[in-house]
Amino acid sequence: MSSQTDFIPLQICVLTVSDSRTLDTDSSGDYLVESLTGAGHGIAERALLPDDRYAMRALVSKWIADPVVDGILVTGGTGFTGRDSTPEALLPLLDKEMPGFGELFRAVSVEEIGTSSLQSRAFAGLANATFVFALPGSTSACRTAWEKIVRHQLDARTKPCNLATIRPRLKEA
């Protein structure tokens with residue numbers, strides 16, 4: 001049995017939502033993959049989809065249903081423009097929302113982008129014992145989310161508590 005000070009590698013999927021990027025030009029997805037693997041986590045799958053709520057919902061539903069997948073990081077589609085639909089696509093899939101993530105992300109973003117942080121609809125939650133994080137599409141926003149919040153919560157060594165160590169208890173009745 002692991003103590004809370006042992007690292008627990010998780011299997012994470014990365015999805016980029018963009019109408020203009022390709023896997024070759026996806027710096028945000030690249031950053032997340034490099035950060036996750038650099039921290040010791042595995043990449044279960046990586047994908048890029050246009051901002052289409054039904055395509056997003058289908059792929060993320062598939063990942064949520066896969067018992068190998070511990071978490072999903074989605075980048076893009078969290079703004080206010082007409083095509084931004086990540087919250088509308090994925091919030092209905094969540095069993096539990098994690099309101100503190102979006103609140104904390106916007107709070108730490110104020111240091112970097114000021115009041116423009118209010119335009120972010122970043123969110124997180126839990127679906128079928130799988131963590132889902134929806135981040136803005138910019139690489140700098142992904143860096144902020146990873147460095148200031150996500151990497152710590154996916155690391156079992158973070159005290160007093162973290163998401164990695166509670167994963168085995170998520171399906172308790």
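Biologist: What does the accessible surface of the chain come to, and how much of it belongs to carbon and sulfur atoms?

Modeller: Accessible areas come from the Shrake-Rupley method with a 1.4 Å probe, and for residues only the protein chains shown count as cover. Here the accessible surface is about 8400 Å², with 55% belonging to carbon and sulfur atoms. Please keep in mind that this is a predicted model, in which local features need pLDDT of at least 70 and side-chain atom pairs count only at pLDDT 80 or more, while totals for chains, interfaces and linings use all residues. Residues are numbered from 1 along each chain as its sequence is written, and side-chain values use heavy atoms, leaving out hydrogens and water.

Biologist: Which elements does the chain have, and in what order do they run?

Modeller: Helices (H or I, at least four residues) and strands (E, at least two) are DSSP runs, numbered from the N terminus. This chain has six helices and six strands. From the N terminus on, the order is β-α-β-α-β-α-β-α-β-β-α-α.

Biologist: Why is the chain said to be as compact as a globular protein of that length?

Modeller: The radius of gyration is taken over C-alpha atoms, and the globule rule is 2.2 Å times the number of residues to the power 0.38. For 173 residues the rule gives 16 Å, and the chain has 15 Å, which is close, so the chain is as compact as a globular protein of that length. Along the principal axes, its C-alpha atoms fill a box of roughly 50 × 35 × 30 Å.

Biologist: Is Ser120 buried or exposed, and what does it touch?

Modeller: Buried means under 20% relative accessible area, exposed over 50%, and partly exposed in between (1.4 Å probe, protein chains only). Ser120, in the loop between α4 (99-113) and β5 (123-127), counts as buried because its relative accessibility is 13%. Contact means heavy atoms within 4.5 Å. Leaving aside residues up to four places away in sequence, Ser120 touches Thr78, Phe105, Arg106 and Pro136. Across the chain, 46% of the 173 residues count as buried.

Biologist: And Asp24, is that buried or exposed?

Modeller: Asp24 sits in the loop between β1 (11-17) and α1 (27-38). Its relative accessibility is 74%, so Asp24 counts as exposed. Asp24 and Arg157 lie 34 Å apart in space, C-alpha to C-alpha, and 133 residues apart in sequence.

Biologist: How should I read contacts between residues 24 or more positions apart?

Modeller: Such pairs account for 75% of the chain's contacts with a separation of 6 or more.
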